[in-house]
Amino acid sequence: MQKIISYPLTVLHILLFFLFLIIFHPVQIISYKIWGYNAHRKSVYILNWFLMQSQLPLFNTFSINFKTDLPTGPSYIFVCNHQSMFDIPPLIYYLRDYHAKFIAKKELAKGIPSISINLRIGENCAIDRKDRKQAITALIKFAKNVYNKKHSVVIFAEGTRSKNGVPKTFQTNGLKTIFKYVPDAIVVPVTVNNSWKVNRYGKFPYGIGNKIKLTIHEPISIQGRDLDQLILETQEMVHNGITSTAI
């Protein structure tokens, strides 16, 4: 019965989702060209608040839980598991005070209203997964900019989405590159729960009645740490926070 009900609700969600993307595409461009970085950044946060609200017809909600206070100022590397594209709007919105920048596949940097323009002008990083040299060069350039401007990073360390919520082993190369070029950063493990349930039926229709939750765990300093051990510790914290899977 839930799946039957979700068909018309999914159509409504999709219409709202793409309407917001189309509306905010020129808003981002105008904000950036006239008022600059900060105005563009705020337009992106507002967009992602609306994208979160587009889930309301599906009765899907978002929440965040900080395990400890996380003061603004330092560069943070938010290391997350990845369950669906619906992880991204709450991460952008709830981490807005930390100037969090994303690492994404290069395919997203073209042809998608609002999303592609933000990847290109929002100081995020688009990498080619099939071209190791390009990916490393782009990551180094990105990490240096993060370091110089005291921004933060969101990285989906598993590399790909888990369609059933079951966690995957972290990919280490990207993390180590960022650790190297942002040596004073603080690692913050982040667990995303339940967003995989939105895609429980596949690409259409979407699942309904899900509580998508972000847990921001205690931060870990990079300095003086063995990087392999640091990654394992971070992975353990992220994975231990996962509360539901399809298996």
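**Figure 1. Contacts across the whole protein chain.** Take the contacts in the protein chain between residues at least 6 apart in sequence: 74% of them join residues at least 24 apart. This is a predicted model, and its secondary structure comes to 7 helices and 8 strands. The radius of gyration is 18 Å, close to the 18 Å that the globule rule gives for 247 residues, so the chain is as compact as a globular protein of that length. Along the principal axes, the C-alpha trace spans about 55 × 50 × 40 Å. Buried residues account for 48% of the 247 residues. As for the surface, the chain exposes about 12,300 Å², and carbon and sulfur atoms supply 58% of that.

**Figure 2. A look into the second largest pocket.** This pocket has a volume of about 190 Å³. Its lining takes at least two residues from each of helix H4 (115-121), strand E4 (125-127) and helix H5 (132-149). H5 gives the most, with 4 residues. Among the lining residues you'll find Leu119, Arg120, Glu123, Cys125, Lys141 and Phe142. Sorted by class, the lining has 6 nonpolar, 2 polar and 3 charged residues.

**Figure 3. Glycine 122, in the loop between H4 and E4.** Is this glycine 122 buried or exposed? Glycine 122 has a relative accessible area of 4%, and under 20% counts as buried, so glycine 122 is buried. Set aside its neighbours within four places in sequence, and glycine 122 is in contact with His40, Lys101 and Ile117. For a sense of distance, glycine 159 is 37 residues away from glycine 122 in sequence and 21 Å away in space, going C-alpha to C-alpha.

**Figure 4. The cis peptide bond between phenylalanine 204 and proline 205.** Omega is about -5° for this bond. Proline 205 has its place in the loop between strand E6 (186-193) and strand E7 (211-216).

**Figure 5. Histidine 99 and its positive phi.** Histidine 99 isn't a glycine, yet its phi is positive, at about 50°. To find histidine 99, look in the loop between helix H3 (88-94) and strand E3 (100-105).

**Figure 6. Lysine 150, in the loop between H5 and strand E5 (152-156).** Here's another residue to look at: lysine 150 has a positive phi of about 55° although it is not a glycine. Lysine 150 is partly exposed, because its relative accessible area is 41%.

How values were computed. Residues are numbered from 1 along each chain as its sequence is written. This is a predicted model: local features need pLDDT of at least 70, side-chain atom pairs count only at pLDDT 80 or more; totals for chains, interfaces and linings use all residues. Side-chain values use heavy atoms; hydrogens and water are left out. On a 1 Å grid over the protein atoms alone, a cavity is a set of points where a 1.4 Å probe fits but cannot get out, and a pocket is an open set with protein on both sides within 12 Å along at least five of seven lines; lining residues have an atom within 4 Å of a point. Grid points are joined across faces, edges and corners, and a volume is the space filled by probe spheres set on the points. Ala, Val, Leu, Ile, Met, Phe, Trp, Tyr, Cys and Pro count as nonpolar, Asp, Glu, Lys and Arg as charged, and the others, Gly among them, as polar. The radius of gyration is taken over C-alpha atoms; the globule rule is 2.2 Å times the number of residues to the power 0.38. Buried means under 20% relative accessible area, exposed over 50%, partly exposed in between (1.4 Å probe, protein chains only). Contact means heavy atoms within 4.5 Å. Accessible areas come from the Shrake-Rupley method with a 1.4 Å probe; for residues, only the protein chains shown count as cover.
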